[in-house]
Amino acid sequence: MTLERPIAPDPYELLPTLPSFTLTSDDVQNGEPMDARHAHGSTGGDNVSPQLTWSDFPAETKSFTVTCFDPDAPTGSGFWHWVLVNVPVEVTQLPSGAGGAAGTDLGGAFSVRNDYGEQAYGGAAPPPGDRPHRYVFAVHAVDVDHLDVTPDASPAYVGFNLAFHTLARAVIRPTYQIKS
């Protein structure tokens, strides 16, 4: 079986252009391979979400949504690794591991079910031998205190809501590959 296929577009290149703001991480860097601790346990990783810090977002921001998406998954629809909604505006950083199933006290923020079926961060797990996958970590500055979604919402439904409530978006795109 071969996984040869075209390179999927970056998902945010397909949506209306938005302003950006600053997103940094002590754990992952744009275009650089992630450490195995951010990979899924099924691949020998530790399944730890990376540390993220953001600043310079619009003054009208009322909350944040944090997402991680792999557009390179061989699914035809990518793979959602993490969708954390309703992060209070006063929270401008997440420590490593904040995406765990038990979570961190983030003032009512919660994760919706990722494509692993878990309400938590699910680490990188590209097929062994496949090309490096991009993991698009995005922080969305939102114009409402709470998106009208529940923990049972799908990532696509959250994305639909974000299309109408995102003021600006900041992105880091590390990679991950499992050699065969």
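Predicted model: local features only at pLDDT ≥ 70, side-chain atom pairs only at ≥ 80, totals over all residues.
1. Position of Ser 25. The loop that holds Ser 25 runs between strand S1 (22-24) and strand S2 (52-55). Ser 25 has a relative accessible area of 8%. Because the cut-off for a buried residue is under 20%, Ser 25 counts as buried.

2. Surroundings of Ser 25. A polar atom of the Ser 25 side chain lies 3.1 Å from the backbone nitrogen of Val 28. Apart from neighbours within four places in sequence, the residues in contact with Ser 25 are Pro 50, Gln 51, Leu 52 and Ile 172. One of these, Leu 52, belongs to the covered face of S2.

3. The open sheet. Three strands make up an open sheet, ordered S1-S2-S5, with antiparallel pairing. S1 and S5 are its edge strands, each pairing on one side only. Strands of a sheet pair through backbone hydrogen bonds, in either a parallel or an antiparallel sense.

4. Pairing in detail. The antiparallel pairing of S1 with S2 extends over 3 bridges, and Thr 24 has Thr 53 as its bridge partner in S2. Between S2 and strand S5 (residues 93-94) there are 2 bridges, again antiparallel. On that side Thr 53 stands opposite Gln 93, while Leu 52 stands opposite Leu 94.

5. The faces of S2. Which residues of S2 lie on its covered face, and which on its uncovered one? Leu 52 and Trp 54 are on the covered face, Thr 53 and Ser 55 on the uncovered face. In a regular strand, side chains alternate between the two faces of the sheet.

6. The largest nonpolar core. This core has 29 residues, and those touching the most other members are Trp 54, Val 66, Trp 82, Leu 84, Leu 94 and Phe 137. At least two core residues come from each of S2, strand S3 (63-70), strand S4 (79-88), strand S8 (136-142) and strand S9 (166-172). A separate, second core numbers 15 residues, among them Val 83, Val 142, Val 158 and Leu 162. In soluble globular proteins, nonpolar side chains tend to be buried together.

7. Leu 84 within the core. Leaving out neighbours within four places in sequence, Leu 84 is in contact with Phe 64, Thr 65, Val 66, Leu 94, Leu 106, Ala 109, Phe 110 and Ser 111. Of these, Val 66 and Leu 94 are, like Leu 84, among the core residues that touch the most other members. Leu 94 is also the residue opposite Leu 52 in the sheet.

Conventions: Residues numbered from 1 in each chain as written. Heavy atoms only, no water. Helix = DSSP H or I, 4+ residues; strand = E, 2+ residues; numbered from the N terminus. Buried < 20%, exposed > 50% of the residue type's maximum accessible area, 1.4 Å probe, protein only. Polar contact = N/O pair within 3.5 Å; in protein donor to acceptor, adjacent residues only side chain to side chain. Contact = heavy atoms within 4.5 Å. Pairing = 2+ DSSP bridges. Core = buried A, V, L, I, M, F, W, Y, C linked by side-chain atoms within 4.5 Å.
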